Amino acid sequence: MPFTLHGLPVSQGIAIGHVHLVSHALLEVNHYHISPKHIADEVARLEDALATVQGELIGLKAATTAGQGHSEVGAFVDLQLMMLADPMLIEAARGLVENRRYNAEWALVAQMELLVEQFRQIEDPYLRERQADVVQVVERLVKVLLGQPGHLPPRRRDGLGTIVVAHDLSPADTIGFRDHNIAGFVTDVGGPTSHTAIVARSLSIPAVVGLHHIRDLVQDDELLIVDGTRGVVIVGPDEDIVEEYRLRRAELELERSKLKRLRDTPPTTLDGEEIALLANIEGPKDMAQVKAVNADGIGLYRTEFLFIGRDTLPDEDEQYEAYRSVLKALPGKPVTIRTFDVGADKALNGAHARFEPNPALGLRAVRYSLAEPKMFLTQLRALLRASVHGKLRIMVPMLAHAHEIDQTLALVDKAKAELRAEKVKFDEGVQIGGMIEVPAAALALGMFVRRLSFLSIGTNDLIQYTLAIDRSDEAVVHLYDPLHPAVLKLIGGTLSTGARFGLPVSVCGEMAGDPAYTLLLLGMGLRNFSMHPGHILEIKQQVLRADLGELAPRVQRILKMDEQARVREAVERLAG
């Protein structure tokens with residue numbers, strides 16, 4: 001009998017295929033002591049496994065670099081290579097082999113458990129991500145030691161793909177599957193920001209995560225349907241169910257092909273209002289995707305990805321080249337570059353690394369920049385130098401106080417003065433804007449309106465801070481709700497204040513790229529959307545079908561509601 005399981009939908013689409021169970025190697029490790037005469041051989045086994053896994057990861061990194069649109073994967077692979085070079089893992093495991101005569105697998109798992117326990121005690125979101133990386137790296141090493149092949153079954157004659165079912169998947173695992181006929185990913189653990197979710201989206205493979213015990217409920221080769229849009233997994237479907245989902249999948253694929261025709265259509269509503277659809281990027285490597293959908297510009301360039309995962313900070317010239325290349329690639333279009341938003345789940349390495357009891361509420365974003373004025377000044381100089389190559393706008397993250405803006409503007413003036421003295425050209429009229437990401441900022445907009453040229457609402461953090469929810473914590477992620485009345489009031493208030501003072505306001509969080517919220521945001525007064533390039537055409541389709549004159553009064557009624565269920569029903573009716 002078929003049965004249905006419900007998890008978190010993290011990568012859209014429908015997959016129909018046969019189960020391939022990925023073993024949880026760490027559960028299969030034997031513990032035994034080796035004789036003194038075999039210590040050298042056991043150390044050699046450990047070092048051979050290390051060399052094998054390093055080679056696999058370097059090969060995956062090369063394959064990723066050669067492709068396009070998989071920058072997130074490359075960053076994760078880099079992180080796992082760093083783990084393998086960390087003496088706290090490999091050197092310590094070697095010590096357990098030499099001093100306590102543990103077999104290599106036992107030594108790795110014992111050291112892994114020690115590190116994971118240390119990470120758990122710190123309770124830092126970024127370190128929780130590293131905890132998963134340690135486990136995944138050790139699992140790769142153990143699989144090599146146990147002689148377990150990581151290969152998938154050959155392509156099937158029935159034309160159906162393979163559904164990979166695992167407890168969890170590392171980025172290296174998922175990217176390693178891309179040359180096979182992989183139809184979907186399903187995991188016991190994970191959330192919207194987990195590795196499996198991010199990589200599945202970058203590879204456009206349907207995925208459902210957070211199913212808890214699916215590895216215990218399915219068997220190898222069993223037929224499975226994965227609905228990555230609704231978060232549904234159907235085990236053992238009959239022919240009627242399979243045919244129904246084949247039709248749904250065909251409809252989705254047809255819709256996607258039609259969207260490509262909208263590339264050069266201006267995003268204008270039915271009643272003639274022009275809407276800007278901008279792209280969020282992490283660096284120059286993302287520009288091919290931006291051009292493929294003909295985005296109206298860059299609404300968010302996340303510069304912290306120049307800093308993360310390295311022990312030394314990029315100097316002024318390296319930053320200048322990264323900013324200049326993006327500006328030159330989009331002549332005449334606005335490029336909004338955010339000053340680095342480090343801290344919380346995006347920590348720096350090396351001498352600049354910091355450990356805080358509660359990083360989400362600690363020294364992050366603009367607070368970090370102002371605490372490191374020399375580093376901040378270097379970035380501002382690089383940005384100003386690049387401004388002569390296009391329409392640059394500089395955006396400051398996580399503002400909450402007037403003095404943060406004043407100090408930032410003072411440093412901008414200092415950078416300008418230095419460049420003038422050095423006779424270096426820059427655009428004197430570069431606009432400075434700020435991000436509204438904390439409730440305090442959304443409730444006290446006057447101080448920002450008087451000092452800044454534009455605003456951008458970062459809905460991811462605004463929702464997190466308004467609802468007191470760590471969006472990386474699986475235990476509370478179900479409470480993360482963009483349609484909470486308090487969240488909508490903060491967004492609506494920011495948009496109306498911007499309109500009243502003639503200050504442009506954009507939304508650059510996940511809400512901007514979700515078609516379920518497009519009509520709501522348009523009715524609230526949003527005219528500048530910024531999102532992952534892959535979502536632009538779908539949002540454009542929504543814009544082209546919208547009548548703002550009809551939407552606005554309906555949305556104003558929604559904003560007066562104070563029950564989430566009623567809000568959700570009313571938002572769903574907007575599309576009707």
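Predicted model: local features only at pLDDT ≥ 70, side-chain atom pairs only at ≥ 80, totals over all residues.
**Stop 1: the whole chain**

Colour by secondary structure. The protein chain has 22 helices and 16 strands. Next, colour by burial. Of the 576 residues, 54% are buried. Residues 24 or more positions apart account for 71% of them.

**Stop 2: the cores**

Select Ile298, Phe448 and Phe529. These residues have the most contacts inside the largest nonpolar core, which has 102 residues. Then show helix H13, residues 373-386. H13 gives this core its largest share, eight residues. A second, separate core has 34 residues, among them Val29, Leu46, Ala49 and Val109. As background, nonpolar side chains in soluble globular proteins tend to be buried together.

Go back to Ile298 and show its surroundings. Which residues does Ile298 contact, leaving aside neighbours within four places in sequence? The list is Leu278, Ala279, Ile281, Met287, Val290, Val326, Leu330, Pro334, Val335 and Thr336.

**Stop 3: aromatic pairs**

Select Tyr301 and Tyr323. Their rings are edge-to-face, 5.8 Å centre to centre, with 80 degrees between the planes. Tyr301 lies in strand S10 (residues 298-302) and Tyr323 in helix H11 (residues 316-329), so this pair ties together parts that are 22 residues apart in sequence. Both Tyr301 and Tyr323 are buried.

Move to Phe340 and Phe376. Why is this pair edge-to-face? The ring centres are 6.4 Å apart and the planes stand at 65 degrees, and planes over 60 degrees apart count as edge-to-face. The pair links distant parts of the chain, 36 residues apart. Phe340 is in the loop between strand S11 (334-338) and helix H12 (366-371), while Phe376 is in helix H13. Phe340 is buried at 0% relative accessibility. Phe376 is also buried, with a relative accessible area of 0%.

Thr408 belongs to helix H14, residues 402-421. Is Thr408 buried or exposed? Thr408 counts as buried, at 3% relative accessibility. Not counting residues up to four places away in sequence, Thr408 touches Val366, Leu370, Phe376 and Val396.

**Stop 4: charges over rings**

Show Arg385 with Tyr320. Arg385 lies over the face of Tyr320, at 4.3 Å from the ring centre. Then show Arg393 with Phe454. Here the charged end of Arg393 sits over the ring, 3.8 Å from its centre.

**Stop 5: the loops**

Select Met398, in the loop between strand S12 (391-396) and H14. Met398 is not a glycine, yet its phi is positive, about 55 degrees. For comparison, most residues other than glycine have a negative phi. Met398 is buried, with a relative accessible area of 2%.

Asp221 is another non-glycine residue with a positive phi, about 80 degrees. Look for Asp221 in the loop between helix H8 (214-217) and strand S7 (223-227). Asp221 counts as partly exposed, at 44% relative accessibility.

Next, pick Asn181, in the loop between helix H6 (171-176) and strand S5 (182-187). Asn181 is partly exposed, with a relative accessible area of 28%.

**Stop 6: helix H22**

Finish at helix H22, residues 564-574. Which residues of H22 are buried? They are Val567, Ala570, Val571 and Leu574. Look down the axis of H22: the buried residues fall within an arc of 100 degrees, so they line one face of the helix. On the other side of H22, Ala565 and Glu572 are exposed. Now show the partners of the buried residues. They pack against helix H18 (485-501), helix H19 (518-524) and helix H21 (548-559).

Terms used:
Residues numbered from 1 in each chain as written. Heavy atoms only, no water. Buried < 20%, exposed > 50% of the residue type's maximum accessible area, 1.4 Å probe, protein only. Helix = DSSP H or I, 4+ residues; strand = E, 2+ residues; numbered from the N terminus. Arc of directions from axis to C-beta. Contact = heavy atoms within 4.5 Å. Core = buried A, V, L, I, M, F, W, Y, C linked by side-chain atoms within 4.5 Å. Phe/Tyr/Trp six-rings, centres within 6.5 Å; stacked < 30°, edge-to-face > 60°. Lys NZ or Arg CZ within 6 Å of the ring centre and 35° of its normal.
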